[in-house]
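Q: I would like to go through this model with you. Could we begin with how its strands are joined?

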Amino acid sequence: MKTRLMPILAILVLVLAACGGKTTTEQHHDDTSALAVGDEKQLPNGDLQQVTASAEELPAFLDDKPENLQLVYQVAGNAEDILKYMPCYCGCADSADHNSNLNCFVDEIRKDGSIVWDDHGTRCDVCVEIAVKSVTMAQEGKSLKEIRKTIDANYKEGYARPTDTPMPS
């Protein structure tokens, strides 16, 4: 599976790199606004958050991770407009108080372009799978509602309670 994801993710990274500039002031975890570029914070649930200047600079916690996982993070950093509408079914709604699949990788994209990354996705195949499927379907031309319906249908049974994610309009 890893070898099949590599070409898809490489293409997604190139295509999504042109989609930069999206920001959110919606903050998921408390006190991340005090973090500066280069800072990190360990959350009570064990997740680690690190701040980089932009989506082009990945957090240091990925340095020893496989290239495919690094690519997923790079894609997630540029796919806020997709992943913020996709729920996660790994249990992070309860364990990490996540609001969407985006929070498994990115806690906040600040107005200045800096990103508060979350390492939750480094330990969770469900998070990665949902992100890859969602972005791949978007690149295939599927609407956000179609993607959301597919994700919900695929993960409604046998997985944890989903995050409380808003439905795309």
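A: This is a predicted model. In it, β3 and strand β4, which covers residues 115-118, run antiparallel and are joined by three bridges.

Q: Which residue in β4 is the bridge partner of V106?
A: V106 has W117 as its bridge partner in β4.

Q: What is the strand order in the open sheet?
A: The order is β1-β2-β4-β3, so four strands make up this open sheet, and their pairing is antiparallel.

Q: Which are the edge strands?
A: They are β1, residues 40-42, and β3, residues 106-109; each of them pairs on one side only.

Q: And by how much are neighbouring strands turned against each other?
A: On average by 15°, with direction ignored.

Q: Which helix packs on the sheet, and which strands does it touch?
A: Helix α2, formed by residues 67-77, packs there and touches β3 and β4. The direction of α2 makes about 140° with that of β4.

Q: Turning to the whole protein, how many helices and strands are there?
A: The protein has six helices and four strands. Read from the N terminus, the elements follow the pattern α-β-β-α-α-α-β-β-α-α.

Q: What share of the residues is buried?
A: Of the 169 residues in the protein, 48% are buried.

Q: Last topic: of the contacts between residues at least 6 apart in sequence, what percentage joins residues at least 24 apart?
A: The figure is 67%.

Technical notes
Residues are numbered from 1 along each chain as its sequence is written. This is a predicted model: local features need pLDDT of at least 70, side-chain atom pairs count only at pLDDT 80 or more; totals for chains, interfaces and linings use all residues. Side-chain values use heavy atoms; hydrogens and water are left out. Two strands pair if DSSP finds at least two bridges between them. Helices (H or I, at least four residues) and strands (E, at least two) are DSSP runs, numbered from the N terminus. Axes are lines fitted to C-alpha atoms, for helices over the stretch in contact, and angles run from 0 to 180 degrees between N-to-C directions. Contact means heavy atoms within 4.5 Å. Buried means under 20% relative accessible area, exposed over 50%, partly exposed in between (1.4 Å probe, protein chains only).
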